[in-house]
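Please report on how the two chains of this model are built and how they meet. The sequence and structure are shown first, and the report follows.

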Protein chains: 2
Amino acid sequence: MHVVDAIPRIRHRTFDALELDCGRTLSPVTIEYETYGKLNAAKDNAILLLHALSGSAHAAFTNDRGEHGWWEDFIGPGRALDTDRYFVICSNVLGGCSGSSGPGSVDPTTGRPYGLNFPVITVGDMVRAQKHLVAHLGIETLLSVIGGSLGGMQALQWAVDYPNLVQSIVVLAAAKRLSAQAIAFNEVGRQAIMSDPHWCQGDYYGRTPPDAGLALARMIGHITYLSEEAMHEKFGRALKQTNSYHYSFSEDFEVASYLHYKGNKFVERFDANSYLYITKAMDYFDLPDLSSIKAKLLIISFSSDWLFPPVQQRALVRSLRRRNKDVTYCEVQSWRGHDAFLLEVESLTELISGFLDNVSR
Amino acid sequence: MHVVDAIPRIRHRTFDALELDCGRTLSPVTIEYETYGKLNAAKDNAILLLHALSGSAHAAFTNDRGEHGWWEDFIGPGRALDTDRYFVICSNVLGGCSGSSGPGSVDPTTGRPYGLNFPVITVGDMVRAQKHLVAHLGIETLLSVIGGSLGGMQALQWAVDYPNLVQSIVVLAAAKRLSAQAIAFNEVGRQAIMSDPHWCQGDYYGRTPPDAGLALARMIGHITYLSEEAMHEKFGRALKQTNSYHYSFSEDFEVASYLHYKGNKFVERFDANSYLYITKAMDYFDLPDLSSIKAKLLIISFSSDWLFPPVQQRALVRSLRRRNKDVTYCEVQSWRGHDAFLLEVESLTELISGFLDNVSR
């Protein structure tokens, strides 16, 4: 299925200015995006796909740098987001570090990277930037807005902020606000970065970046993305290489090596300041009023997700039903934890395909 | 009840040498301990109380430095550990930093603190050191060995290693081995310390210690000690001082301030290297063979403890029952998470008092 003309081109769109929730205006604003499939003549087959904390615009296929798309098993002919039928847009979030404007972008007033002078952004700001992109592409209604984790939070924000533009949303492993525990994990992740002496108050561009702090933040994050059961299944108490303890502070256990590996891989592709900004946007996300929503909703939780546990999605579904919203809820049985929204291809493909069929009918 | 003569004296006992599981011998070995109540003439009323990761020998009453005991609500006349009836001994663990030999102790071969030259110790080593102390006090059988978390792991080790010395054990919020997830949390805590440039491979004594790293490790730990429900009850999404977001990387949320406060308090009283050694001992703890146990056992879990979840204690109880051990199990309903073993005074007092009555009868 990976035919050559399916390889997406990376595109950028730069807008003059974006008003932000903090009261500041960001100017200019660049949004990187990829598209898959074709916009039809009626322009009614567009799906906006939204990534999680560490994602990018590169959702499908393998790009010219050999990188796999973060949701590639879900996008393509005959897949959940069927590119023979739908036009899929995925953009890098505002505040990110994969092409869209973020703390590593050049501040035109100084000619140097923003660092902490980049404004603190919100999920609402991310969505407002996407709205500009969608309008630029000539799209007046979105068939669906789909995302997991932070992506699911953005999908909810879309449904609340632009009820007339969104026919449906699919929210995976997300909630209408973070729990105190999730805020706490974000705080310690940020603290890991900000405690790294290379962080230099965010002004490290062109110098040694705070890799140790960012790797540690990612290690902490990874614990929350896996369920206890997933960790048990993958690693248990298995020892690395030998059958006996080292009696040293090396990594005796496979689970520790895995976390170190994940942390060290992450710093190759992610900017520490973006980690600060995006986690802060997640902390701030809070949707007390869902009354404006007109979209059909598909809410999906995963039984072993303890970062966004099913109890949160059930509460969200109850509050939507009280307001007579058209909401479908499914708790997928999975041992994979929060990461299940990236991994449970079979069950999610069935759920999402069916939902989109129904919406586009 | 806090009569003057109840204030414990801090005592030390130094032994010539201790054989360790790693194959090295530690010499000399000092164990700091406190006692409450009186050893009776028959010497059959002694209870050994064992502390958790960050505890000390100071379990009861308020000492002459004004410090509260870590289990003071459970110790005293008429309490769970009734000092009118029992002689309670609490010692600081080997590897600790509150009087017992640890990485901050002076290495007699160099005249300088051990740092990372201190041997990597195990729960078995901790218990072997306690065994020397108990023998020194002239006690041949312990009425009970009691502890929570790491203390509960030590109690299990006591029952396995010294079956003829231990009449009973009480294991609170512990397990016969750590889960992969708990090992992962310990690893990121250690990584936080070891990433701090002030850590200097553990050789920081007399210089600036790695306070930022230790505080971060403690913050991570605190998330695991509280349940999601406890965090929700205590903090929810409450903001600090103001009703609006700061749009900065200051601590907007109460839960973040709480973690920072806990982290910063901890560094005043704890040594970062001891944190490394004690968490490593917890990772290494693994009791595959329980067959030697002769003690009566009381195993207590807490419904909202996700660091040592009830499913682990139930598995432990099942394997004990298969071996026809005399085990009583109770899951205490509590929203306080792992910390419940320090906080659920009423229900634990009833359970432990009744159990000890039964054992001492």
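## A parallel pair in chain B

B:Leu48 stands opposite B:Ile89 of β6(B). In this predicted model, strand β5 (residues 46–50) of chain B and strand β6 (residues 87–91) of chain B run parallel and are joined by five bridges.

## The sheet of chain B

Both strands belong to an open sheet of eight strands in chain B, ordered β1-β4-β6-β5-β9-β10-β11-β12, in which the pairing is mixed. At its edges stand β1 (11–15) and β12 (327–332) of chain B; each has a single partner strand, so one side of each is left without a neighbour in the sheet. Between neighbouring strands of this sheet the turn is 20° on average, direction ignored.

Helix α10 (residues 345–360) of chain B packs on this sheet, where it touches β9 (144–148), β10 (168–172), β11 (296–302) and β12 of chain B. The direction of α10(B) makes about 175° with that of β11(B).

## The sheet of chain A

Chain A has an open sheet of eight strands with mixed pairing, in the order β1-β4-β8-β5-β11-β12-β13-β14. The edge strands are β1 (11–15) and β14 (327–332) of chain A, each with a single partner strand, so one side of each lacks a neighbour in the sheet.

Helix α10 (residues 345–360) of chain A lies across β11 (144–148), β12 (168–172), β13 (296–302) and β14 of chain A, and runs at about 175° to β13(A).

## A buried loop residue

A:Ile293 lies in the loop between α7 and β13 of chain A. Is A:Ile293 buried or exposed? A:Ile293 counts as buried because it has 22 C-beta neighbours inside 10 Å, where the cut-off for a buried residue is 20 or more.

Leaving out residues up to four places away in sequence, A:Ile293 touches A:Ala159, A:Val160, A:Pro163 and A:Lys325. The C-alpha atoms of A:Ile293 and A:Ser168 are 9.7 Å apart in space, although the two residues are 125 residues apart in sequence.

## Helix α7 of chain B

Helix α7 (residues 272–284) of chain B has 13 residues, which at 1.5 Å a residue should span 18 Å; the end C-alpha atoms are 19 Å apart, which agrees. Of the 13 residues of α7(B), 13 are buried, so this helix is largely enclosed by the rest of the structure.

## The interface and its symmetry

In the interface, 40 residues of chain A are in contact with 40 residues of chain B. On the side of chain A that touches chain B, the elements giving two or more residues are α3 (180–194), α4 (211–225), α5 (228–234), α6 (254–266) and α7 (272–284) of chain A. The most come from α3(A), which gives ten residues. By class, this side of chain A has 25 nonpolar, seven polar and eight charged residues.

Chain A is superposed on chain B by a rotation of 180° with 0.0 Å of shift along its axis, with an RMSD of 0.0 Å. This is the relation of a two-fold axis. Both copies use the same surface, since 100% of the contact residues of chain A recur in chain B.

Technical notes:
Residues are numbered from 1 along each chain as its sequence is written. Chains are lettered from A and ligands numbered from 1 in the order in which they are written. This is a predicted model: local features need pLDDT of at least 70, side-chain atom pairs count only at pLDDT 80 or more; totals for chains, interfaces and linings use all residues. Two residues are in contact if their C-beta atoms, placed from the backbone, lie within 7 Å. Helices (H or I, at least four residues) and strands (E, at least two) are DSSP runs, numbered from the N terminus. Ala, Val, Leu, Ile, Met, Phe, Trp, Tyr, Cys and Pro count as nonpolar, Asp, Glu, Lys and Arg as charged, and the others, Gly among them, as polar. Copies are superposed by least squares on the C-alpha atoms of residues with pLDDT of at least 70 in both. The expected span of a helix is 1.5 Å times one less than its number of residues. A residue is buried if 20 or more other C-beta atoms lie within 10 Å of its own, exposed if 12 or fewer, and partly exposed in between; C-beta atoms are placed from the backbone. Two strands pair if DSSP finds at least two bridges between them. Axes are lines fitted to C-alpha atoms, for helices over the stretch in contact, and angles run from 0 to 180 degrees between N-to-C directions.
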